[in-house]
Amino acid sequence: MVERRRTVHDIASRKLRGRKIRSSIYIGFIVSAIVVALIPLGFIVVALLVKGAHVISATFLTATPVQPTLFDQDNIGGIGNAIVGSLVVDGIAALMAVPMGVVIGLYLSERSTRTATILRSVSEIMTGLPSILFGVFSYIYIVTWMRGYSAFAASVALALLMTPVISKAAETALRDVPLSLKEAGLALGARQSTVTLKVILPYAFPGVFTGVLLALARAVGETAPLLFVIGASIIYDWNPAHPSTAMPLMIFNYAGSFYESQQAAAWGVALTLVVIVFALNLAARFVAARMRREQY
Amino acid sequence: MEQNISTGGSTAVLTAPAMRLRQVGVAFAGRTAVRNVTFNVDENKVTSLIGPSGSGKTTLLRSLNRLHDLTKTAVVTGDIYLRDLNVYGGDLPTTLLRSRIGMVFQRPNPFPTMSIYDNVVSGLRFNGIKDRALLDEAAESALISAALWDSVKGRLKAHASTLSGGEQQRLCIARALAVEPEVLLMDEPTSSLDPVSTQRIEELMTELKQRVTIVIVTHNMQQAARVSDNCAFLLMAEDRAGELIEFATTEKIFHNPDDPRTLDYIQGRFG
């Protein structure tokens, strides 16, 4: 026994050097992979700051767009209407997608029926679809039905895009709820629906909320689904039944403009958008971390 | 043994057992886990289920409040009565049954999203009680009964997770008591606790049996000897199904059991 112990220790100490070398090689791989991934991101952020920061001002964020002329090329107004448009479009999309996504996630986490399997596959396929297809769907069913472009049609397209993202996050979060808590609820005489509402959902809330914010962050930046359903607008318009515009579309339109002032404005909108998306992501992480800490 | 089964005269009702088990069996996906268990749970007594691992103690306990309903493959056979009500016979809705038979689990499982107060009154709220005064009163009384009131009365709004393991388990006891159950099922309630917390919960059980009938699963024989009045000894049969070997007063089980296998287990020869 003592003999074997010595053998084990001898081998372990001889192998230690090799293990250390291998460990540093792997760490080197990981670090370089991170750097490679961060370089393009760094370039984008720097480009946005350099080209976009000087455009942004209070007027730029609040005024409505003005069409520049050859004699007054720098007067382009602002993007206030696009910010409002994005708020309306994304807000209504979230109002539709959140309940739908959470209910689907709940169903997927609680049931293992054939329907659930099919629903999960459909949902996974939907996350992989090119986003422009949601625009096509909305055009066929909403635009033709409403006989015109509208912010609402854009919301429908984005809601379809967001729902599978939310349902996936919700399913994962809801599956993580310990069985012991469900049992505790049921053992107190609660109905299954009460346990779901009062025990399961509150526990899973941080995860669900993170999923919602990430889905929203994705939707805020989408251009393709809006292209041929939202129409156009250059005024402040909160009515979802009216044509509208959104920040990504503004980038799309301005970037191809003849005027340099509008090209610069495209960078400005892009920077604004990135800041908003970044803030949403940060908020998601913050809320999730904070609520987890409160629970334990 | 069977003298209390017929219900008739008033004396019979007064001495009627809180629960009766008749040929109870539990099977999962066709595989028998517990078979043919018959005994009475006497009112205001502590009944302990003892036996080695795998003898079906917890499985049997969870059949009493229909917690196996959650498992699709589970089938409970035989009859279980709460007073005169057939637990599996549709005599009362499962939710009402569970508010009359409370449960405390192996590991403390307070609702982590709720405060101490909200945890205690959660069962009442789940059952539709909203009256603030009633909730406050029930919370205080349940926390006092669970010997937790003095240490938490100043921080009822604090999260349940701020309590120690032993306190969390007493919170779970308070939560179960607040619904005013007639029977309290305890599934190895001290197995994850330190000796001091264990002792407090054992003392608590002796006080609690004045107002509630207790059925406790324990694999700690000393605990069964200390706290229980009656004892059911289960053992795994050849086919791995749990069987009731002997049911008697704790006194008899520990000093003069009828079955040699009970004696072997009590004396630590196996298990």
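## Chain B on its own

In this predicted model, 55% of the 271 residues of chain B count as buried (under 20% relative accessible area, with a 1.4 Å probe and protein chains only). Chain B holds 11 helices and 10 strands, taken as DSSP runs (H or I of at least four residues for helices, E of at least two for strands).

## Where chain B meets chain A

Chain B brings 26 residues to the contact and chain A brings 19, with contact meaning heavy atoms within 4.5 Å. About 1,800 Å² is buried between the two chains, 67% of it from carbon and sulfur atoms; this is the accessible area (1.4 Å probe) lost on putting them together, summed over both. P112(B), T113(B) and F126(B) supply 30% of the area that chain B buries here, more than any other three residues.

There is one salt bridge between the chains: the side chains of E183(A) and R62(B) meet at 2.5 Å, N to O (the cut-off is a Lys or Arg side-chain nitrogen within 4 Å of an Asp or Glu carboxyl oxygen).

## Ground rules

Residues are numbered from 1 along each chain as written, and chains are lettered from A in the order written. Local features need pLDDT of at least 70, side-chain atom pairs need 80 or more, and totals for chains, interfaces and linings use all residues, while side-chain values use heavy atoms, without hydrogens or water.

Methods. Buried means under 20% relative accessible area, exposed over 50%, partly exposed in between (1.4 Å probe, protein chains only).
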